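I have kept to what can be computed from the atoms.

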Amino acid sequence: MPEDFHVSPCASQASCPWDEAQWQREVTSKAKDPQTQTAADIIHEQRLPKGFAAIADRRYILRPEAIESAFILYRITGREDLLDAGWTMFEAIQKATETDLANAALSGITVPQPPQTDSMESFWTGETLKYFFLLFSSPDLISLDEYVFNTEAHPLKGMK
């Protein structure tokens with residue numbers, strides 16, 4: 001996912017069928033000069049994936065939030081499909097970011113082969129990889145009934 005973006009919202013939390021017209025209205029509303037371009041032109045020019053109304057920052061810098069969410073959801077619900085989703089995420093990230101030495105941030109995720117940058121934030125190893133590890137670990141390794149995670153993904157023993 002890009003660093004900073006806007007998406008077309010659903011009309012309701014209960015149901016969210018795809019609405020092409022709504023998406024195009026959102027794209028136009030986020031455009032700098034909506035009177036001179038059609039939504040289709042903006043989508044093509046800015047390489048907007050379906051649902052994205054605007055992308056202000058196209059970088060992917062190896063952040064943990066998506067896999068953190070999958071980990072928490074899996075631990076709470078036990079839904080096996082989240083393991084598959086997590087593995088798919090890991091393979092996609094590795095494919096795009098792996099280097100001979102480590103993993104690299106990406107400068108723009110809306111192209112088929114995003115260019116790598118010469119940087120790797122410390123949260124890649126300190127948080128992102130930790131959440132991947134925990135997703136596939138036994139739930140009793142760090143029980144969410146006994147531990148909480150701080151904002152840096154450090155498990156802290158809960159107070160009773």
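The numbered points below take up the basis of the values, then the ring pairs, then the helix.

1. The model is predicted, so to speak of local features requires pLDDT of at least 70 and side-chain atom pairs count only at pLDDT 80 or more, while totals for chains, interfaces and linings use all residues. Residues are numbered from 1 along each chain as its sequence is written, and side-chain values use heavy atoms, with hydrogens and water left out.

2. Searching the whole structure gives eight aromatic pairs (rings of Phe, Tyr and Trp, the last by its six-membered ring, with centres within 6.5 Å; planes under 30 degrees apart are stacked, over 60 edge-to-face, the rest tilted). Phe71 and Tyr131 form a tilted pair, because their ring centres are 5.7 Å apart and their planes stand at 40°. This pair links distant parts of the chain, with Phe71 in helix H3 (residues 65-77) and Tyr131 in helix H5 (residues 123-135), 60 residues apart; helices are DSSP runs of H or I, at least four residues, numbered from the N terminus.

3. The rings of Trp87 and Phe90 are stacked, since their centres lie 5.4 Å apart and their planes are at 25°. Ring pairs join Trp87, Phe90, Phe132 and Phe136 into a cluster.

4. In H4, the buried residues are Leu82, Leu83, Gly86, Ile93, Gln94 and Thr97, whereas Asp84, Thr88 and Lys95, on the other side, are exposed (buried is under 20% relative accessible area, exposed over 50%, partly exposed in between, with a 1.4 Å probe and protein chains only). The buried residues of H4 pack against H3 and H5, contact being heavy atoms within 4.5 Å.

Note on methods:
Helix = DSSP H or I, 4+ residues; strand = E, 2+ residues; numbered from the N terminus.
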